[in-house]
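Please open the model in a viewer and keep the selection panel at hand.

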Amino acid sequence: MNRVNLFVNKPRISFIGLGIVTCLATFGAARILSLPAAAPDRAAPPVPQEEVNAVIAALKPPKRERPLVAIIGINEATETTDYLMPYGILRRADVADVVTLSTGPGPVTLFPALRVEPDSTITDFDTQYPEGADYVIVPAMNRNDDPAALDWIRSQANKGATIIGVCVGVRVVAETGLLEGKRATTHWYTLKGMLDRHPSIQYVPDRRLVADQNVVTTTGISASIPMTLTLIEAIAGREKAETVARDLGVEHWDISHNSAAFKMTRPFALTVLRNTLAFWNREQLGIELSPGMDEVSLALAADAWSRTYRSRAWTFSGSAEAVTTQNGARILPDRIATRWPDERLIPVGELPPVQVFDNTLQAIEERYGTPTAYVVAMQHEYPRE
């Protein structure tokens with residue numbers, strides 16, 4: 001059973017979240033009140049089939065028949081779902097060899113929640129695979145200029161790998177210089193900062209993912225799902241991708257996106273400030289780790305609960321040993337404990353991951369209110385009905 005506990009300490013929040021709080025702190029009341037009351041209400045425009053075909057073609061395996069996918073993270077802080085979601089989806093699809101990497105030895109601390117033991121370091125990977133990976137997935141990191149990460153990503157591109165920047169990981173790819181003059185997208189909150197720093201990048205709105213030569217970029221956190229399904233389609237065909245999508249609980253996916261729906265609004269800003277300022281009302285929740293649990297569901301639930309500005313998800317287990325998930329990820333517990341109070345339960349359960357995420361958003365709404373659930377969905381850039 002998954003159980004949780006309550007503390008009153010201030011929880012960690014993601015570096016996206018920290019950026020939002022810092023930005024809002026400098027806004028001032030007048031500026032916040034001048035923000036729009038809501039984002040425009042319109043449908044995502046359709047994407048021409050020839051563009052879809054071009055994206056699929058750009059994602060075809062560049063080297064091996066069974067491709068090798070490397071997911072890089074820095075040890076200090078790498079985005080939770082950016083790192084674990086592509087891993088879990090690709091591993092369950094079994095269409096590629098997938099490894100998680102770190103820039104240095106030791107575990108990778110994920111933000112806003114979880115710690116993992118990576119499969120290898122980038123140095124050991126280079127020794128084992130001197131010809132390089134077929135694909136390198138670049139998650140968001142708490143710094144965009146880590147020298148080891150940037151040098152390694154450049155070296156993999158030079159060896160012919162397709163580089164995939166996920167969410168704010170696009171800004172890491174931008175710092176390598178690989179996006180100069182290319183078409184791209186990224187998380188709505190960090191878009192302006194990226195374009196200010198790299199004005200030659202050509203922003204493409206209304207797309208969940210954009211491919212330009214050997215570089216692919218995505219919008220916010222939840223775009224890992226359509227990106228990975230599209231990658232599976234490019235490797236193994238549409239039928240295989242549809243089978244994996246059903247396993248995830250995805251009824252439909254494509255690369256279309258309503259970019260106008262994701263922007264800073266007055267309700268978003270006020271909710272973040274209100275929840276942040278109520279520091280005495282913080283909940284630290286816990287999720288019991290169990291062998292064989294779905295790492296995608298775990299990542300989505302832990303990430304969402306840790307983006308409320310009201311709570312932080314911690315994992316616990318009866319020992320300090322890493323717990324191996326359904327598809328081989330090794331999660332290190334944050335706390336050593338055998339049980340937590342039932343009233344602080346964060347369920348993960350056996351449902352498909354997308355349903356787990358939808359149920360988590362509903363639980364957040366019931367616990368903290370609709371505005372907080374809206375803030376979480378906006379941070380994930382998740383099109384919620």
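In which sense do strands E1 and E7 pair, and over how many bridges? Select residues 68–73 (E1) and 135–138 (E7): the pairing is parallel, over three bridges. Strands and helices here are DSSP runs, of at least two residues (E) and at least four residues (H or I) respectively, numbered from the N terminus; two strands count as paired if DSSP finds at least two bridges between them. This is a predicted model, in which local features need pLDDT of at least 70 and side-chain atom pairs count only at pLDDT 80 or more, while totals for chains, interfaces and linings use all residues. Residues are numbered from 1 along each chain as its sequence is written, and side-chain values use heavy atoms, with hydrogens and water left out.

Remain on E1 and display Val69. Its bridge partner in E7 is Tyr135, and in strand E3 (residues 97–102) Val98 stands opposite Val69. E1 and E3 pair in the parallel sense over six bridges. Now show the side chains of E1: Leu68, Ala70 and Ile72 point one way, and Val69, Ile71 and Gly73 the other way. Six of the six residues of E1 are buried, that is, under 20% relative accessible area with a 1.4 Å probe, protein chains only.

Next, select Leu59, Leu84, Ile164, Leu229 and Ile232, which touch the most other members of the largest nonpolar core, a set of 74 residues. Such a core consists of buried Ala, Val, Leu, Ile, Met, Phe, Trp, Tyr and Cys residues joined through side-chain atoms within 4.5 Å. Helix H12 (residues 295–305) gives the most to this core, with eight residues. Apart from this core lies another, of 30 residues, including Val99, Val136, Trp152 and Ala184.

Move to the open sheet of three strands, ordered E13-E14-E17 with parallel pairing. Its edge strands are E13 (283–288) and E17 (335–336), each pairing on one side only. Between E14 (residues 311–317) and E17 there are two bridges, and Phe316 stands opposite Arg335 in E17. H12 packs on this sheet, touching E13 and E14, and its direction makes about 140° with that of E14.

Finally, select helices H11 (residues 266–277) and H14 (residues 370–379). They pack at an angle of about 110°, with their axes 9 Å apart, which means that H11 is roughly perpendicular to H14; the term covers 65 to 115 degrees. Among the contact residues are Phe268 of H11 and Tyr374 of H14, contact meaning heavy atoms within 4.5 Å.

Conventions: Buried means under 20% relative accessible area, exposed over 50%, partly exposed in between (1.4 Å probe, protein chains only). Axes are lines fitted to C-alpha atoms, for helices over the stretch in contact, and angles run from 0 to 180 degrees between N-to-C directions. Angles under 35 degrees count as roughly parallel, over 145 as roughly antiparallel, 65 to 115 as roughly perpendicular and the rest as oblique.
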